[in-house]
Amino acid sequence: MSVETDIFDTLQGLVSGRCYPDEAPSGAALPYIVYQQIGGESVLYMENVLPSKKNGRYQVAVWATTRTEAASVSLAAEAAMVASTDFQVTPLGAAVADIDSQTNYRGARQDFSVWSDR
């Protein structure tokens with residue numbers, strides 16, 4: 001399995017399967033979660049050998065109709081990420097509130113450092 005599949009499996013139950021890599025499809029029902037890799041630490045041993053683990057910085061964004069719903073799902077997503085046994089997670093700060101001015105959707109996004117098998 002890939003870490004992306006593991007993240008999907010960890011989060012999709014919080015939003016009835018409406019969990020998407022990179023962006024949600026047009027017209028997706030709310031609430032939904034979008035996740036994407038936005039960087040990470042590059043690790044290389046002095047012997048120029050790749051380690052068995054890799055790191056990625058992942059952003060998890062929740063979109064909902066209300067601020068309360070976005071915050072609630074975001075807290076549940078953080079708890080699910082931290083509790084996962086498929087990878088090791090460190091939250092990189094608290095969630096940041098967001099709003100999409102075109103749709104008036106309310107959002108919350110949070111970054112995580114994720115260590116997983118290569």
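Entry 1. This is a predicted model, and I started at Asp-117, which comes out exposed with a relative accessible area of 52%. The cut-off for exposed is over 50%, so Asp-117 qualifies. I looked up its partner next: the side chain of Asp-117 meets that of Lys-53 in a salt bridge, 2.4 Å from N to O. Lys-53 sits in strand β3 (residues 53-64) and Asp-117 in strand β6, so this pair ties together parts that are 64 residues apart in sequence. Lys-53 itself is partly exposed, at 40% relative accessible area.

Entry 2. How many salt bridges does a search of the whole structure find? I got three. As a reminder to myself, side chains of opposite charge can pair when their charged atoms come close.

Entry 3. I went on to Arg-57, which forms a salt bridge with Asp-111; the closest N and O atoms are 3.0 Å apart. Here again I found β3 linked to β6: Arg-57 lies in the former and Asp-111 in the latter, so parts 54 residues apart in sequence are tied together. Is Asp-111 buried or exposed? I have it as buried, because its relative accessible area is 14% and the limit for buried is under 20%. Arg-57, at 34% relative accessibility, counts as partly exposed.

Entry 4. I then checked Asp-98 and Arg-109, a salt bridge with its closest N and O atoms 3.5 Å apart. Asp-98 belongs to strand β5 and Arg-109 to strand β6, so the pair ties together parts that are eleven residues apart in sequence. Both ends turned out partly exposed: I noted 24% relative accessible area for Asp-98 and 31% for Arg-109.

Entry 5. Backbone next. Most residues other than glycine have a negative phi, and most peptide bonds are trans, so I went looking for exceptions. Pro-31 lies in the loop between β1 (19-21) and β2 (32-37).

Entry 6. I stayed in that loop between β1 and β2, where Asp-22 is also placed. Its phi is near 70°, a positive value in a residue other than glycine. Asp-22 is exposed, with a relative accessible area of 53%.

Entry 7. I located Asn-104 in the loop between β5 (96-99) and β6 (106-117). Its relative accessible area is 44%, so I logged Asn-104 as partly exposed.

Methods. Residues are numbered from 1 along each chain as its sequence is written. This is a predicted model: local features need pLDDT of at least 70, side-chain atom pairs count only at pLDDT 80 or more; totals for chains, interfaces and linings use all residues. Side-chain values use heavy atoms; hydrogens and water are left out. Helices (H or I, at least four residues) and strands (E, at least two) are DSSP runs, numbered from the N terminus. Buried means under 20% relative accessible area, exposed over 50%, partly exposed in between (1.4 Å probe, protein chains only). A salt bridge is a side-chain nitrogen of Lys or Arg within 4 Å of a carboxyl oxygen of Asp or Glu.
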